[in-house]
Amino acid sequence: MDSDGSGFIELDGIEKVFDVRRKAGLLRRERHQVRAVDGISFSVARGEMVGYIGPNGAGKSTTIKMLTGILTPSAGRLRVAGIDPSRERTRLARRIGVVFGQRTTLWWDLPLIDSYRLVHRMYRIPDKRYRENLERCVELLELGELLDVPVRQLSLGQRMRGDIAAALLHDPEVLYLDEPTIGLDVISKARVREFLRDLNAQSRTTVLLTTHDLTDIEQLCARVMVIDHGRLVYDGALAGLHEVGESERTLVVDLERELPPVELPGARVVKVEGPRQWLAFPAAASAAPLVARIAAEYPLMDLSVREPDIESVIAKMLSRRKVPDPAVSEEVAERSAL
Amino acid sequence: MADGLSEGVSERVPKGVPPEGEWSRPPLWEGLRAYGLIIAMWIRSTMAYRASFAMTAFGNFAATAFDFVAILLMFSHVDRLGGYSLPEVAFLYGAAGAAFGLADLTFGSMDRLGRRVRDGTLDTLLVRPAPVLAQVAGDRFALRRLGRITQGLLVLGYALVTLDIAWTPLKVAMLPMMILSGAAIFASVFVAGGAFQFWALDAAEVQNSFTYGGTTLLQYPPTVFAKDLVRGVTFVVPLAFVNWIPALYVMDREDPLGLPDWAAFLPPVVAVGCCALAGLAWRVGLRAYRSTGS
């Protein structure tokens with residue numbers, strides 16, 4: 001994607017092996033190795049916005065920690081903006097922004113603006129640039145009235161917006177977001193997403209985000225990487241993930257009156273509730289012919305198409321790779337029926 | 001996301017990048033600067049609760065003052081302690097207290113490192129463009145610890161006006177040197193103790209036994225302790241250089257281990273050595289953390 005062919009973030013065969021010591025008895029300790037990241041390679045071009053997802057303990061955080069220079073990889077080659085993160089941690093720090101969803105970097109007892117002033121001086125941001133960036137963040141993240149409020153008095157959503165602003169004041173070229181919408185209410189989530197979308201579009205900031213909320217990915221990322229057991233199991237467009245996961249879209253139809261389940265080739269009714277029926281059909285197929293047939297053969301009042309929930313898509317994909325897990329597929333069925 | 005990608009993306013000059021020279025600043029200066037910025041933030045945070053600050057500062061002063069009251073009580077029953085008079089013990093006490101207080105003020109937060117490792121907040125320090133040691137040392141900077149320094153200096157002042165010392169320029173110079181070197185030796189113990197917490201998250205207690213325990217030890221004359229213990233704090237963990245050895249020189253007293261007179265001038269050398277070792281331990285510890293992330 002990048003015009004010069006080389007990625008802005010590049011990982012080549014990155015591994016991270018932890019030595020875990022566990023108490024076994026009073027004094028004896030057992031040692032065993034955990035491969036948190038097991039040979040990951042990918043490349044992200046400047047200006048891309050990539051979702052990095054996977055189950056808990058899959059190695060997401062470990063990867064982010066290696067990308068930000070916190071952890072040293074056990075093997076492989078890693079470059080961010082041409083810098084080896086673990087060797088030149090502080091040099092890299094000036095060029096990246098990191099937001100840890102659950103750990104604020106803001107100063108608890110001080111007004112929000114004080115945290116920004118510290119960033120201003122610690123990163124040696126030129127005064128003019130600092131003012132411009134602060135102004136822009138304050139406007140877009142609606143922080144104006146919060147600047148003089150002690151951080152401890154901010155709501156979770158306000159604090160997250162405050163944290164995102166703090167990570168952007170020094171014009172980072174890459175922004176890592178670890179669970180940026182965790183615990184936020186619907187409105188705060190929407191605000192954060194809108195901001196990130198604009199940031200990526202206007203400032204061309206490369207964004208890599210991990211999340212459990214797959215709506216984040218649906219709304220923000222054209223590219224998704226799925227990691228499981230320390231390995232990259234999918235890297236590509238969101239649409240492709242649906243194909244791999246054989247996911248289904250749902251057509252919700254409102255009929256004039258209660259009728260027996262609609263019978264159409266290429267779709268199956270998964271739920272009936274009074275005059276409303278839910279029809280599942282392959283995500284890759286077009287909804288148009290289905291809609292046309294229903295409209296022609298049934299008394300149709302209204303209809304809508306629902307995109308598949310990525311969580312279920314991933315669960316499906318992972319379960320197909322391993323032994324099928326009935327609990328998961330049940331959950332999938334339930335979700336797609338919603 | 002696709003639009004605009006075609007324009008010369010790779011040619012875009014990263015605007016946040018400072019000129020090359022920016023990165024060649026000496027780490028010591030960068031560390032001091034970051035430390036200054038961080039403690040300024042903590043002082044402001046403390047001042048958000050002025051009344052609480054005043055009370056804890058007074059409490060800190062009072063708690064340490066009781067230490068000395070205990071010594072005063074002892075001297076109400078005896079005239080000499082290990083052959084030392086009250087002003088002489090006060091001299092030892094004040095010097096140790098001031099040196100330790102200074103180290104506690106500047107590096108006393110090192111024992112919070114284990115907690116930061118455990119709850120993962122150390123990572124937020126590692127993504128900032130500043131030395132981690134400076135950030136950890138400045139963490140939760142507590143101005144109330146000035147209470148201990150004040151108390152130490154008051155007791156030292158009392159000793160200086162009561163003691164009959166044959167002052168020479170060297171002895172006068174010995175006073176600030178003793179306190180500064182002593183503070184550096186204690187600070188090294190704090191840093192080494194912090195580094196040890198990368199492996200043993202609860203090592204803060206071990207470190208405290210050397211710092212808080214060490215300072216209590218140094219408040220008494222070396223003659224009241226067993227020779228082996230005195231040897232230990234001279235040659236193994238060189239706390240004796242904080243006050244005992246230089247103070248004995250100032251007071252014209254015989255060194256219990258029979259060290260030569262010039263040993264009194266060693267504290268700065270010992271301090272530099274300790275700082276180097278502590279710095280090394282810190283580097284090793286941080287490297288271990290970054291490779292294990294425990």
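What share of the contacts in chain B with a separation of 6 or more comes from residues 24 or more positions apart? I looked this up first: the share is 83%. For my count, two residues are in contact if their C-beta atoms, placed from the backbone, lie within 7 Å.

**Ground rules.** I am working on a predicted model, where local features need pLDDT of at least 70 and side-chain atom pairs count only at pLDDT 80 or more, while totals for chains, interfaces and linings use all residues. Residues are numbered from 1 along each chain as its sequence is written, and chains are lettered from A and ligands numbered from 1 in the order in which they are written.

**Chain B overall.** I found twelve helices and zero strands in chain B. Helices (H or I, at least four residues) and strands (E, at least two) are DSSP runs, numbered from the N terminus. The C-alpha trace of chain B spans about 90 × 45 × 40 Å along its principal axes. I also checked burial: 41% of the 294 residues of chain B count as buried. The cut-offs are 20 or more other C-beta atoms within 10 Å for buried, 12 or fewer for exposed, and in between for partly exposed, with C-beta atoms placed from the backbone.

**Helices α2 and α3 of chain B.** Two packed helices are described by the angle between their axes and the distance between the axes. Helix α2 (residues 50-75) and helix α3 (residues 86-107) of chain B pack at about 165°, with axes 11 Å apart. The axes are lines fitted to C-alpha atoms, for helices over the stretch in contact, and angles run from 0 to 180 degrees between N-to-C directions. α2(B) and α3(B) are therefore roughly antiparallel. For that wording, angles under 35 degrees count as roughly parallel, over 145 as roughly antiparallel, 65 to 115 as roughly perpendicular and the rest as oblique. I listed the residues that meet: T64(B), F68(B), I71(B) and F75(B) from α2(B), and L86(B), V89(B), Y93(B) and G97(B) from α3(B). By class, this contact of α2(B) with α3(B) has six nonpolar, two polar and no charged residues. Ala, Val, Leu, Ile, Met, Phe, Trp, Tyr, Cys and Pro count as nonpolar, Asp, Glu, Lys and Arg as charged, and the others, Gly among them, as polar.

**Helices α3 and α9 of chain B.** Next I turned to α3(B) and helix α9 (residues 204-218) of chain B, which pack at about 160° with axes 8 Å apart. That makes α3(B) roughly antiparallel to α9(B). The contact joins L92(B), A96(B), G97(B) and F100(B) of α3(B) to T211(B), T215(B) and L218(B) of α9(B). Its classes are four nonpolar, three polar and no charged residues.

**L156(B).** Is L156(B) buried or exposed? L156(B) is buried, because 24 other C-beta atoms lie within 10 Å. L156(B) sits in helix α7 (residues 146-162) of chain B. Leaving aside neighbours within four places in sequence, L156(B) is in contact with F91(B), G94(B), A95(B) and A98(B).

**Positive phi in chain A.** R124(A) has a positive phi of about 50° and is placed in the loop between α3 (112-122) and α4 (127-140) of chain A. R124(A) counts as partly exposed, with 14 C-beta neighbours inside 10 Å. E179(A) has a phi near 55° and lies in the loop between β6 (174-178) and α6 (186-203) of chain A. E179(A) is buried, with 20 other C-beta atoms within 10 Å.
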